[in-house]
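This note sets out some points for a colleague who wishes to go over the side-chain interactions of a protein chain. Please read the points alongside the sequence and the structure.

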Amino acid sequence: MRNILALLLMFSATLLNALGPDEIIRRLEENQIHETAYSEGRMITTDKYGSITRTFRSWARGEEDALIEFTSRGEEGQKILRTEDEIYLYFPDAEDVLRIQGSAMRDSVMDSDFSYEDMTGGKSLLDDYSAGMEGTETIDGNECYKIRLTAKRRSVPYHSQLLWIDSSRFTWLKGHKFSRSGSLLKEMKADEIKEIQGKFIPTRIRMEDKMKKDSSTELILDTLKLGISIDPGTFSLEELTW
């Protein structure tokens, strides 16, 4: 019996090591990048002063286009538009559009622990990072690949990242984001995974900005629809100010 268990463990380990890091990232992105998607959700930021809940709805197309519109009373009508490598912010009170790029993409969204880069995504990870395998670990009972991503260019918002990717569902369960000096900047954890139309998607994410004291933000997707029809003009500057 011991020999059989040993063989099963060896077979399992062989399967885990059969995939290279690039292929693991591609399978992860098959779950994360959608032809089109629409969501409604909440962003709950907690710090030493208490908690603030902001609500939003968002539209996404592929890996580069995203529009987020805040719907909570204090922020109603504020929008974030991402197209390719550029992000635009719209503030309805001022009727003003602000363009941000480069390191500003790491700035906080409304004093939360999420940055504009975190909220809107962007290119495929393999366009911006080189991937390397750092073994396997178990997270909450799930066997995970531990993948290190190292930025290919200085303009990439995070110098490196560590991702723990579920080896059976190919969705991330935990992530660390690092500065060039190796300091831990952000820690994220998927507290809830839902299967939607055959894809495994984190729908409750907790982010901690390690540069802030006693701060965390939960991003909760209450509604998520994939493969919906979206007006092509949704991701335009004209729509942003409409």
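Predicted model: local features only at pLDDT ≥ 70, side-chain atom pairs only at ≥ 80, totals over all residues.

1. Glu 29 deserves attention. The residue belongs to helix H2, which covers residues 21-32. Glu 29 is buried but has no salt bridge; Arg 26, the nearest side chain of opposite charge, is 7.3 Å away. A polar atom of the Glu 29 side chain does, however, lie 2.6 Å from the backbone nitrogen of Leu 125. Apart from neighbours within four places in sequence, the residues in contact with Glu 29 are Ser 124, Leu 125 and Leu 126.

2. The aromatic pairs number three. In one of them, Tyr 38 and Trp 59, the ring centres are 5.5 Å apart and the planes meet at 55 degrees, so the pair is classed as tilted. This pair joins distant parts of the chain, with Tyr 38 in strand E1 (residues 36-47) and Trp 59 in strand E2 (residues 50-61), 21 residues apart. Tyr 38 counts as buried because its relative accessibility is 13%; Trp 59 is likewise buried, with a relative accessible area of 17%.

3. Phe 56 and Phe 70 make up an edge-to-face pair, with 6.4 Å between the centres and 65 degrees between the planes. Here too distant parts of the chain are linked: Phe 56 is in strand E2 and Phe 70 in strand E3 (residues 65-70), 14 residues apart. Both Phe residues, Phe 56 and Phe 70, are buried.

4. Charged side chains also lie over aromatic faces. Lys 174 is placed over the face of Trp 164, 4.3 Å from the ring centre, and Arg 148 over the face of Phe 178, 5.6 Å from the ring centre.

5. The whole structure holds 21 salt bridges. Among them is the one between Glu 75 and Arg 54, whose closest N and O atoms are 3.2 Å apart. Glu 75 sits in the loop between E3 and strand E4 (79-83), and Arg 54 in strand E2, 21 residues apart. Both Glu 75 and Arg 54 are buried.

6. Arg 61 and Asp 65 form a salt bridge with closest N and O atoms 2.8 Å apart. Arg 61 is partly exposed at a relative accessible area of 32%, whereas Asp 65 counts as buried at 15% relative accessibility.

7. Arg 206, partly exposed with a relative accessible area of 27%, bridges to Glu 208, the closest N and O atoms being 3.5 Å apart. Through shared partners, salt bridges join Asp 140, Glu 187, Lys 189, Asp 191, Arg 206, Glu 208 and Lys 210 into one network.

Methods. Residues numbered from 1 in each chain as written. Heavy atoms only, no water. Helix = DSSP H or I, 4+ residues; strand = E, 2+ residues; numbered from the N terminus. Buried < 20%, exposed > 50% of the residue type's maximum accessible area, 1.4 Å probe, protein only. Lys, Arg positive; Asp, Glu negative; His and termini not counted. Salt bridge = Lys/Arg side-chain N within 4 Å of Asp/Glu carboxyl O. Polar contact = N/O pair within 3.5 Å; in protein donor to acceptor, adjacent residues only side chain to side chain. Contact = heavy atoms within 4.5 Å. Phe/Tyr/Trp six-rings, centres within 6.5 Å; stacked < 30°, edge-to-face > 60°. Lys NZ or Arg CZ within 6 Å of the ring centre and 35° of its normal.
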